[in-house]
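Hi everyone, thanks for coming. Let me put the structure up, and then we'll walk through a helix and a sheet together.

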Amino acid sequence: MFGFGKPSTLPSADDALPGRDAQPWTLGQHVVLKTPVVSDDVPAGHEVAIFGLGCFWGAEEIYWQVPGVWSTSVGYAGGHTSHPTYDEVCSGRTGHTEAIRVVFDPAVTSFADLVKGFFEIHDPTQGMRQGNDVGTQYRSAIYFTSPEQEQTARELTKVYGDELARRRLGDITTEIRPASETPYFYAEDAHQQYLAKHVNGYRCHANTGVKFPAV
């Protein structure tokens with residue numbers, strides 16, 4: 001958390017830390033949902049959504065409570081370093097943002113609903129920070145996993161952006177990219193479901209206070 005004095009720009013692939021060939025830690029069961037934390041094998045009919053919205057501890061806690069969510073995890077996305085550690089990501093030298101991976105049943109909760117919640121629970125105008133948390137790993141991001149998700153993400157970003165502009169609250173800086181271009185790496189076990197393990201732990205929910213407009 002925090003991060004004053006860290007780089008405010010992303011490293012190039014050549015300048016990023018080298019990383020490693022494989023994940024050096026193992027992960028087990030989700031302590032809240034009792035499903036696998038490593039959710040590469042997605043149940044039939046389910047989808048994957050990947051978001052960056054500041055400190056991933058508090059973000060994951062919100063999403064595991066959403067009806068229809070089968071599993072959540074925290075990890076690192078949008079960067080260059082393979083299988084980075086938390087300390088490496090926090091150095092600003094991997095290019096990653098702290099991210100959450102959500103496996104959900106779209107028959108219960110739509111991707112659009114997840115995106116609307118995404119915009120309401122963080123401030124998408126802050127660039128390389130969220131509140132007091134400063135650094136490239138706190139940037140806002142949506143990594144879409146299908147063309148339909150991309151269309152929804154871009155349409156809803158415009159809707160929310162227009163509402164923020166109407167209120168003169170700044171421009172949205174959310175990064176929208178295909179998940180296929182930016183591998184998601186699972187974070188260490190200590191960070192998975194952190195706030196279920198540490199109920200009085202740190203939560204950062206910087207937000208605009210603006211509800212998503214009816215569409």
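So, which residues of H4 are buried? They are Gln-149, Ala-153, Leu-156, Thr-157, Tyr-160, Gly-161, Glu-163 and Leu-164, where buried means under 20% relative accessible area and exposed over 50%, with partly exposed in between (1.4 Å probe, protein chains only). Seen down the axis of H4, these buried residues fall within an arc of 155 degrees, so they line one face of the helix; the arc is taken from the directions from the helix axis to the C-beta atoms.

A quick word on the source: this is a predicted model, where local features need pLDDT of at least 70 and side-chain atom pairs count only at pLDDT 80 or more, while totals for chains, interfaces and linings use all residues. Residues are numbered from 1 along each chain as its sequence is written, and side-chain values use heavy atoms, leaving out hydrogens and water.

Helices (H or I, at least four residues) and strands (E, at least two) are DSSP runs, numbered from the N terminus. On the other side of H4, Pro-147, Glu-148, Lys-158 and Arg-166 are exposed. What do the buried residues of H4 pack against? Their partners are strands S1, S3, S6 and S7, plus helix H3, with contact meaning heavy atoms within 4.5 Å.

Now the sheet: six strands form an open one in the order S7-S6-S1-S3-S2-S8, with mixed pairing; two strands pair if DSSP finds at least two bridges between them. S7 and S8 stand at the edges with a single partner strand each, so one side of each has no neighbour in the sheet. S2 and S8 pair in the antiparallel sense over two bridges, and Tyr-76 has Phe-185 in S8 as its bridge partner.
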